[in-house]
Amino acid sequence: MRINQALKTYKRGGIHPAEYKLTDKSPVQILPLPEQVTILLSQHIGVPAIPVVSKGDTVKVGQLIGHGKGFVSANIHSSVSGKVVKIDSLPDLTGYKKPAVVIEVEGDEWEENIIQSTDLKEDITLSEDEILEKIRESGIVGLGGAAFPSHVKLILPKNKKAEALIINGVECEPYLTSDHRLMLEYGEEMMVGIRILMKVLNVRKAMIGIENNKADAIYHLTDIASKFPGIEVYPLKVKYPQGSEKQLIKALTGREVPSLKLPVDVGVIVHNVSTAYAIYEAVQKNKPLINRIITVSGKSLKKPSNFVVRIGTPIQFLIEAAGGLPENTGKVISGGLMMGKAFNSLDVPVIKGMSGILVLPEDETKRKTIEPCIRCSKCVTVCPMGLEPYLLMPLTQDGNFYRLEKEMVLDCLECGSCSYICPANRPLLDYIRLGKTDVNKIIRERR
Amino acid sequence: MSSILITILFLSSIGIVAAIILYLFAQKFKVLENPIIYDVEDALPAANCGGCGYPGCRNFAEACVNSDSLDDLYCPVGGQETMDIVANLLGKEAKQTDPRVAVIRCSGSFKNRPRTNHYDGASSCAVASALYVGDTDCPVGCLNMDDCVEVCEFEAIYMNRKTGLPVVIDEKCTACGACVKACPRDIIELRKRNKKDRQIFVSCINKEKGGIATKYCSVACIGCTKCFKVCEFEAIIMGNNLAFIDSDMCALCRRCVPECPTDAILEINFQPVRTKTDKENKTASDKISEKVKADIKE
């Protein structure tokens with residue numbers, strides 16, 4: 001069902017890739033425990049956590065194993081009970097080695113203070129500071145993909161005030177349905193999570209933005225929202241990349257976040273629906289971030305499904321549960337089809353920021369031959385930030401980083417719309433990403 | 001006739017006035033420049049490669065003239081000869097600097113390093129390195145995508161498609177250091193240029209433990225310290241499971257090369273080593289040839 005009326009959206013740029021939401025009707029299944037989990041100590045943006053367990057220790061579910069030191073960092077908890085067999089550097093999905101803790105699963109013993117019952121606990125008894133401390137302790141990070149520590153986002157800079165809270169239920173990426181299923185199945189819990197966020201930020205208004213291709217979620221949440229004053233649900237037009245922070249703010253409030261500024265500068269804070277649910281569990285049930293919902297999808301997979309997965313489960317285990325790896329697989333991608341990264345190997349573990357695993361057949365993954373730019377300006381038209389990707393690519397190749405900075409390369413949100421639309425198959429985003437890191441390096445040196 | 005005369009006179013008078021104005025302005029805004037800068041610039045190789053650390057030869061010439069000593073200034077392309085000429089022009093003294101040459105410290109060819117996945121993104125080492133570990137499991141090895149080849153102004157480096165590794169042409173290399181900067185994995189090193197361009201170096205920069213390193217590359221340095229023990233000149237430094245041969249200390253004795261269990265130490269431009277049996281054979285054959293010669297003489 002599609003309502004054909006003027007829905008809210010942002011104006012500049014954007015594309016509409018084929019949706020392929022194969023799993024939007026399949027309920028979330030709880031995945032059985034694997035034999036061994038590998039928990040990376042750097043699953044978030046910022047300083048990696050420092051291990052606080054040693055080899056041979058027995059740990060319980062929810063026990064702290066990595067202490068996030070510094071302001072921008074997050075705690076890491078054990079997602080299983082068992083014995084620590086190894087603390088070593090192990091490859092993450094890029095293949096580069098990162099510090100990790102390997103735990104062999106024995107039984108399923110939880111920490112005593114975690115409430116395991118699924119009853120809804122509505123009244124918020126803790127004070128603002130206690131809630132913040134709880135979120136920090138539980139190692140909650142933004143579950144939309146960037147994995148930015150949530151407590152940092154909730155502590156507002158001095159002399160700045162949030163007027164509204166925006167909850168991101170857009171899920172504009174093709175294939176992914178984990179947020180969609182969460183909204184349908186854990187809607188009430190999520191609403192309580194939003195109330196908690198509203199209390200911490202001291203705002204009276206929360207807006208949930210959901211794209212119009214999730215009509216059942218919009219109806220369901222509008223229904224529940226009547227019980228929670230201050231929370232409203234807004235259907236949005238289907239457009240990629242609406243799930244990006246700045247585009248969502250523009251769509252819902254009409255305000256534009258200035259270049260290199262944060263959403264709080266225009267008086268809004270954005271959180272993902274999964275983060276709201278994780279915050280509910282952390283504050284009301286004392287449960288740290290030890291599992292999350294992941295979509296395992298792909299046209300060639302036998303059983304594409306949504307799973308509740310413990311952090312640290314090997315990817316191979318998830319794919320086996322979804323019917324095994326098809327023979328003609330070309331790429332396995334972590335995250336969405338547009339912004340995700342291909343896995344280097346299938347032995348790597350699930351991390352907090354992983355929202356989906358996509359299995360793509362070989363003939364779909366091949367890149368076409370790169371041809372010269374024909375100056376059609378399609379990339380300029382689709383860029384949601386109003387940049388000129390055709391210009392940024394040669395500037396990066398030439399190493400003209402001062403000009404790149406002037407062309408606002410740092411505003412790029414790496415949505416990949418330019419590479420998607422380019423008729424000459426130019427790898428625009430690959431180079432823009434490189435240019436961004438180099439410009440960041442220059443700026444850091446200047447300080 | 002008169003109209004032609006008037007035109008010529010009018011135009012030439014405009015010309016004279018304009019010339020006077022230009023002359024006056026040129027005098028007013030004259031930039032005083034040390035004329036010796038031009039001489040120094042002429043002595044430089046005019047490659048504008050940036051190997052000296054300055055944007056071009058002109059800037060380097062200015063720096064030479066303006067600085068008190070030439071100790072920190074060195075033109076890698078011109079080498080010691082050019083620096084001596086510059087020093088003569090300026091009446092300063094040039095520091096003795098050994099000529100250098102670029103060396104590729106990776107032997108992970110297609111044969112030695114099995115490919116574990118396939119990369120089809122943008123053909124640039126910098127992009128691939130920022131994205132992931134590469135098409136082998138080695139996190140520090142060569143990505144064989146021509147970043148160093150493209151950046152070389154002297155065509156001194158080419159990609160060997162059979163091995164998938166870049167090769168430096170020693171005669172053409174000027175040690176400007178452009179490839180060193182371009183390599184995202186810091187594989188390329190500038191080492192002292194020896195007689196006949198001979199070179200002995202550890203062709204690996206992997207810091208993993210031996211067991212792990214040999215899993216993804218058969219010619220990785222495993223940090224066994226065998227070469228370190230055999231070296232008499234203290235040229236080998238050990239650390240982080242890796243050996244490094246200091247090119248300034250190395251006496252090119254080749255004693256470390258056969259010691260290496262994984263063939264990670266490379267020798268370039270050397271004659272093949274003569275084994276004992278070779279020597280005996282040769283002496284025997286020499287004797288025979290001498291005999292033959294003697295026979296012919298008789």
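In chain B, the centres of domain 1 and domain 2, taken over C-alpha atoms, are separated by 31 Å. Domain 1 covers 36–90 and domain 2 covers 100–268; such bounds come from an automatic or database domain assignment. The model is predicted, so local features need pLDDT of at least 70 and side-chain atom pairs count only at pLDDT 80 or more, while totals for chains, interfaces and linings use all residues. Residues are numbered from 1 along each chain as its sequence is written, and chains are lettered from A and ligands numbered from 1 in the order in which they are written.

How many residues does each domain of chain B bring to the contact? Domain 1 gives six and domain 2 gives seven, where contact means that C-beta atoms, placed from the backbone, lie within 7 Å. On the domain 1 side, four residues are nonpolar, two are polar and none is charged. Here Ala, Val, Leu, Ile, Met, Phe, Trp, Tyr, Cys and Pro count as nonpolar, Asp, Glu, Lys and Arg as charged, and the others, Gly among them, as polar.

Let us turn to the contact between the chains. Chain A contributes 13 residues and chain B eleven. On the chain A side, helix α14 (residues 428–446) supplies the largest share, five residues; helices (H or I, at least four residues) and strands (E, at least two) are DSSP runs, numbered from the N terminus. By class, that side of chain A has four nonpolar, four polar and five charged residues.

Finally, chain A holds an open antiparallel sheet of four strands, ordered β2-β8-β7-β4; strands pair if DSSP finds at least two bridges between them.

Note on methods: Two residues are in contact if their C-beta atoms, placed from the backbone, lie within 7 Å.
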